[in-house]
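Before reading on, take a moment to look over the chain as a whole, and then follow the paragraphs below one part at a time.

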Amino acid sequence: MSENNNPSPVEVIDTNQIIEERRSKLSKLREAGNPFPNDFERKDLAQEIHDKYGTQDKENLEELDASAIVAGRIMLKRVMGKASFATIQDMSGQIQLYINNAGIGDEEHSAFKHWDLGDIIGASGVLFKTKTGELSIRVNSLRLLTKSLRPLPEKFHGLTDQEQRYRQRYVDLIVTPEAKRNFQIRSKAIQILRTFLTERGYLEVETPMMQSIPGGATAKPFVTHHNALDMQLYLRVAPELYLKRLVVGGFEKVFEINRNFRNEGISTRHNPEFTMLEFYEAFRDYRYLMNLTETMLKELAEACVGSAQITYQGHTIDFAQPFQRLTMSEAISAHNGQFSSDNLNDLEFLRAELAKRKITCFSTDEIGMLQLKLFEETTEEKLIQPTFIVAHPKDVSPLARSNDKNPEVTDRFELFVAGREIANGFSELNDSEDQAQRFKSQAEAKAQGDDEAMFYDSDYIRALEYGMPPTAGEGIGIDRLIMLLTDSASIREVILFPQMRSE
RNA sequence: GGGCGGUUAGCUCAGCUGGUAGAGCAGUGGACUUUUAAUCCAUUGGUCGCGAGUUCGAAUCUCGCACCGCCUACCA
């Protein structure tokens with residue numbers, strides 16, 4: 001790893017013939033006046049114009065004599081002597097401009113001919129339809145609002161270099177409609193989740209991202225340092241323990257949508273910072289959350305995609321039906337014919353199967369842990385349709401309540417969709433003494449070298465000692481959910497500025 | 001972390017067994033008053049990712065490095 005991650009203090013001026021050409025155009029514009037005016041008032045959006053007038057026929061539109069004032073970036077330009085067409089793009093979409101000498105005069109028209117793709121312009125004019133029926137604006141006034149110095153990617157193929165799409169997302173958003181669409185869906189989905197919860201009486205809160213004891217998940221944290229306090233701080237790996245402190249405080253329904261940070265690998269499914277929704281409701285249990293999750297995801301898909309059935313990487317995924325609910329051994333045998341409930345409860349059989357698959361097991365692994373390992377190896381990726389997996393072993397669920405009938409497992413579920421974990425929820429452990437005990441075993445594991453194990457958080461124990469009502473809580477990985485909704489294969493398609501190595 | 005692939009003009013890409021770099025778009029000049037990736041004519045533009053090596057000669061072969069992508073491993 002390079003130590004020199006600081007940006008260079010000296011600006012590197014990269015240039016080429018095209019940029020030079022545009023700079024000289026800009027300097028001529030400067031001589032003629034301010035080339036970056038700020039007094040243009042846009043009145044109409046491209047999409048609104050299409051919605052309002054798109055269905056009018058040519059003759060009716062002429063009679064209406066409707067005018068429009070638009071602004072946007074020049075995406076296409078076709079100059080034909082005394083007449084020109086330009087396609088401009090604003091936040092809503094694109095609209096075509098028709099520019100001719102009759103409309104704006106010879107001089108203005110020749111000036112326009114030297115403007116470039118990427119320039120931002122403002123235009124006013126009258127709506128009409130061309131002989132091929134395209135709704136356009138016959139321009140009677142045209143202004144250059146911002147000169148663009150860098151050439152846009154090729155107008156037909158766009159930007160296909162994925163590295164550049166992620167590093168220069170601003171260019172990607174200009175030229176890649178699907179990228180723009182993905183982030184619009186992301187925004188909408190988060191808004192819908194927020195509304196879904198607030199309408200049900202949940203309070204949205206923000207808890208610390210910088211924590212002196214990182215908790216709430218088994219993960220490697222980022223470490224940082226506060227100078228004035230001279231103390232080590234961690235970026236949070238989860239908000240869980242703070243949200244439950246709030247439940248102790250009497251906020252009986254809380255949620256947070258915010259970033260978590262985990263110092264682990266980067267892949268098509270992992271970004272070091274990612275967005276989680278966590279929500280907690282007192283006097284509910286994990287079964288209630290499963291029902292709530294079904295409703296939430298169904299409504300979300302309908303609002304974002306227009307249907308409870310979505311397509312993900314060739315699979316049709318149905319959020320309309322009640323999701324299957326299976327224990328790990330049920331899921332394993334349902335998706336793998338060679339396993340039955342008998343042999344899945346046979347310790348020796350499980351050990352042999354895992355050994356065959358070169359999965360590391362410890363002598364301390366109980367039956368539940370062995371089933372979990374076999375589940376992850378053989379079954380997880382086969383859970384395409386939404387499926388709740390329930391009853392996780394206590395060892396891997398240090399914050400979940402033990403099941404009353406079988407204390408070796410917890411009242412917990414994970415929701416799998418398209419072979420991936422999307423949500424994780426459980427009835428919260430509110431027995432402070434049990435929690436203290438589990439923190440102790442986590443702290444011991446950490447002392448043994450497990451750097452993903454949890455810290456002992458004595459303030460959290462103190463909070464539980466005041467009494468936390470019986471509570472159910474759930475976390476949903478927003479980025480992966482958005483991947484589903486946008487049919488994205490990589491998490492980088494749904495994070496605006498994904499983490500990259502320095503250029 | 002491991003394996004495989006990629007990096008050539010601003011963008012999209014060719015470039016064979018080594019012989020000194022090409023197209024389309026964009027740009028520039030010209031023609032064209034309803035185009036649709038407009039068209040037509042002319043034309044500018046390159047440290048072939050970086051660094052070594054082999055060779056008379058390297059975009060091309062070898063090695064190292066950097067970055068990206070895909071698969072894989074841990075995790076959400």
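Buried area is the accessible area, found with a 1.4 Å probe, that two parts lose on being put together, summed over both. With that idea in hand, and keeping in mind that this is a predicted model, we can turn to the way the chain is divided.

Chain A is split into domain 1, which covers 9–152, and domain 2, which is made up of two stretches, 174–209 and 236–493. To the contact between them, domain 1 gives 6 residues while domain 2 gives 4 residues. The C-alpha centres of domain 1 and domain 2 are 49 Å apart.

How much area do domain 1 and domain 2 bury between them? The value is about 370 Å², and 53% of it lies on carbon and sulfur atoms. On the side of domain 1 that touches domain 2, the residues comprise 3 nonpolar, 1 polar and 2 charged. Across this interface of domain 1 and domain 2 the rule finds 0 salt bridges, but it does find 2 residue pairs in polar contact, both at pLDDT 80 or more.

The next topic is empty space inside the model. Rolling a probe the size of a water molecule over the atoms shows where such space is left. A search of the whole structure finds 1 cavity of 30 Å³ or more, and the largest cavity holds about 30 Å³ of space. Which residues line the largest cavity? They are P214, A217, A219, P221 and V237, together with E452, A453, M454 and F455. Sorted by kind, this lining of the largest cavity has 8 nonpolar residues, no polar ones and 1 charged.

Notes. Residues numbered from 1 in each chain as written. Chains lettered and ligands numbered in written order. Predicted model: local features only at pLDDT ≥ 70, side-chain atom pairs only at ≥ 80, totals over all residues. Heavy atoms only, no water. 1 Å grid on protein atoms, 1.4 Å probe; cavity = no way out; pocket = protein on both sides within 12 Å on 5 of 7 lines; lining within 4 Å. Points joined across faces, edges and corners; volume = space filled by probe spheres on them. Nonpolar A, V, L, I, M, F, W, Y, C, P; charged D, E, K, R; others polar. Domains from an automatic or database assignment. Contact = heavy atoms within 4.5 Å. Salt bridge = Lys/Arg side-chain N within 4 Å of Asp/Glu carboxyl O. Polar contact = N/O pair within 3.5 Å; in protein donor to acceptor, adjacent residues only side chain to side chain.
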